[in-house]
Structure formats: C-alpha cells, structure tokens
Amino acid sequence: MNLLSANNISHTFEYKLFSDVTLELNSGETIAIIGMSGSGKSTLLHILSTLLTPDKGNISLFGQEIRDMSKKDLSEIKRHDLGLIFQSHYLFNGFSAYENLEVAEILSQNKIDEILLKRLNINGVIQNKVTKLSGGQQQRVSIARVLTKQPKIIFADEPTGNLDKKTAGEVMQLFFEYCKEKERGMILVTHDENLAHKCQKVYKLEDKKLQQVQ
Ligand SMILES: Nc1ncnc2c1ncn2[C@@H]1O[C@H](COP(=O)(O)OP(=O)(O)O)[C@@H](O)[C@H]1O
Ligand SMILES: [Mg+2]
C-alpha cells in the first residue's frame, strides 16, 4: 500500500534548494535521505511531513493529495498517522518524561510500552523533568513518544545524532523492527552512510536533485 507519494517537489529559500523531487514510500518500507549539510534534507523532510508547503509539486498521503484535504482531515492525519522525530525534540519541558509519554498515550489510545522504555534505557529516568535529562535521554524520550503513538509513517531527522554509536544502533533497530512488524514506513534523514544503507532504499540530495543510490 502506498503511504506517501511526492511528485515534482521544488523549493527555494534564499536560493533554490531542489527541484523535481519525486519519491514514494510504501507499507513496511524504510527510506534514507543523505546529502551534504545545507543541501536541504531537513527542508525536504518538513515538506514531506506536511509542516512546510513546497513552492511546487504535490504530496499525497495514503492516496489522497494534501492540498485536497480539509484542515480537519489533515490535522487528524497529523495527530494519528504521522510521527515526527526532529532535531529539536518538542517535548513539553515543564513535564516529566513520563507525562510527555502520557500525552501520546491519551491522544493515540495506545498503552505506554514498558519494554520499549527498557530497551531505550530510559525506564530509570522516566519520572524526571525533561529539563533534567541529557540531550541523548531527551532524544530517546521523544523516540519513545513517537513509537507509543504508533504512526503509519515515521519522519526522522538525525534521530540518533545525540547518541553514542552502540545506543544509536539499538535505537535504529527499534525503528526497523517497528516498520517491519507493523508494516509501517519510515523516512530517515542522516549523514551516516552506514546507517542509511540499512534502509531498503537510499536517496541522495545533491546538485539540487534527489537521486536513488540504493
Ligand atoms: N525557514 C528557512 N528560511 C530560510 N532559509 C532556510 C530555512 N530553513 C532552511 N533554510 C536554508 O536552507 C538551506 C538548507 O537547509 P536544511 O534543509 O536545513 O539543510 P540540511 O538539513 O541538508 O543541512 C540552508 O542554507 C538553510 O539556511
Ligand atoms: Mg538538517
């Protein structure tokens, strides 16, 4: 089943970042986007995840074009079906880590998975205020929050950037298992080529074009 399809996307800020970007994500599939710093990877991920409207081109989610959706339908899809893990974590700072997960639990009506917290090694710090956690712990809380939501598509921008190599590997394993077992999709932005090549498809953003390299 097609989860996302992007057709001929172009975007310009001060200069043209990319044009004619075309990409498809199907159920159970993981896609990596690599490219040099400044090539526009984060911008492209913002566009694909509906946070930013591109200058040109269109995006369909679950078979329906975004621009044909009502505001209400799009916000329902964002709430239930899209999981965003970006460099700034957007956790609620006044809350404990656990309370942040409870928000996802309530919105999605899925139970917080204690095994997941153990695997992410945050079970011991889960009652602490977010501001008391290290960057790496915050990153893992935001990953737990997204996985609690059980979205149909995960959009992840350098999700393991604050983690050591071993922890990063374990965290990525969780994403891959999730996509495989639940037939969900992931679009991962990373500068780590080794990690990228664990995805089924790899695209490179270079010279303002997106090209499949695996
Ligand atoms: N909201 C914005 N307004 C203006 N320029 C932006 C904005 N977001 C990103 N840029 C610029 O677009 C370029 C690509 O940024 P980005 O998408 O973050 O690249 P990458 O993630 O590949 O490093 C950079 O030059 C950045 O300064
Ligand atoms: Mg970036």
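These are my notebook entries on a predicted model of one protein chain with a ligand.

**Ground rules.** I number residues from 1 along each chain as its sequence is written, letter chains from A and number ligands from 1 in the order in which they are written. In this predicted model, local features need pLDDT of at least 70 and side-chain atom pairs count only at pLDDT 80 or more, while totals for chains, interfaces and linings use all residues.

**Overall build.** I looked up the secondary structure and found seven helices and 10 strands. Helices (H or I, at least four residues) and strands (E, at least two) are DSSP runs, numbered from the N terminus. Next I checked the radius of gyration, taken over C-alpha atoms. The protein chain has 17 Å, which agrees with a compact globule of 214 residues, because that would come near 17 Å. The globule rule is 2.2 Å times the number of residues to the power 0.38. The C-alpha trace spans about 45 × 40 × 35 Å along its principal axes.

I then looked at burial. A residue is buried if 20 or more other C-beta atoms lie within 10 Å of its own, exposed if 12 or fewer, and partly exposed in between; C-beta atoms are placed from the backbone. Of the 214 residues, 38% count as buried.

**The six-stranded sheet.** I traced an open sheet in the order β6-β7-β8-β3-β9-β10, with mixed pairing. Which strands stand at the edges? They are β6 (82–85) and β10 (209–212); each has a single partner strand, so one side of each is left without a neighbour in the sheet. The twist averages 20° from one strand to the next. Angles run from 0 to 180 degrees between N-to-C directions, and axes are lines fitted to C-alpha atoms, for helices over the stretch in contact.

I followed one pair: β3 (residues 30–35) and β9 (residues 201–206) run parallel over five bridges. Two strands pair if DSSP finds at least two bridges between them. Isoleucine 31 stands opposite lysine 201 in β9. Helix α1 (residues 41–48) packs on this sheet and touches β3, β7 (153–157), β8 (185–189) and β9. Its direction makes about 155° with that of β8. Contact here means that two residues have C-beta atoms, placed from the backbone, within 7 Å.

**The four-stranded sheet.** I found another open sheet, ordered β2-β1-β4-β5, with antiparallel pairing. Its edges are β2 (16–26) and β5 (64–65), each with a single partner strand, so one side of each lacks a neighbour in the sheet. Leucine 61 has glutamine 64 in β5 as its bridge partner. Helix α1 also lies across β1 (2–12), β2 and β4, at about 130° to β1.

**Ligand 1.** I listed the residues around ligand 1, among them Phe13, Glu14, Gly35, Lys41 and Thr43. A residue is near a molecule or strand if its C-beta atom, placed from the backbone, lies within 6 Å of it. Which element gives the largest share of this shell? Helix α1 does, with three residues.

Most residues other than glycine have a negative phi. I noted glutamine 150, with a positive phi near 55°. Glutamine 150 sits in the loop between α5 (135–149) and β7. Buried or partly exposed? Glutamine 150 counts as partly exposed, because it has 18 C-beta neighbours inside 10 Å. Glutamate 158 has a positive phi near 45°. Glutamate 158 lies in the loop between β7 and α6 (165–182).
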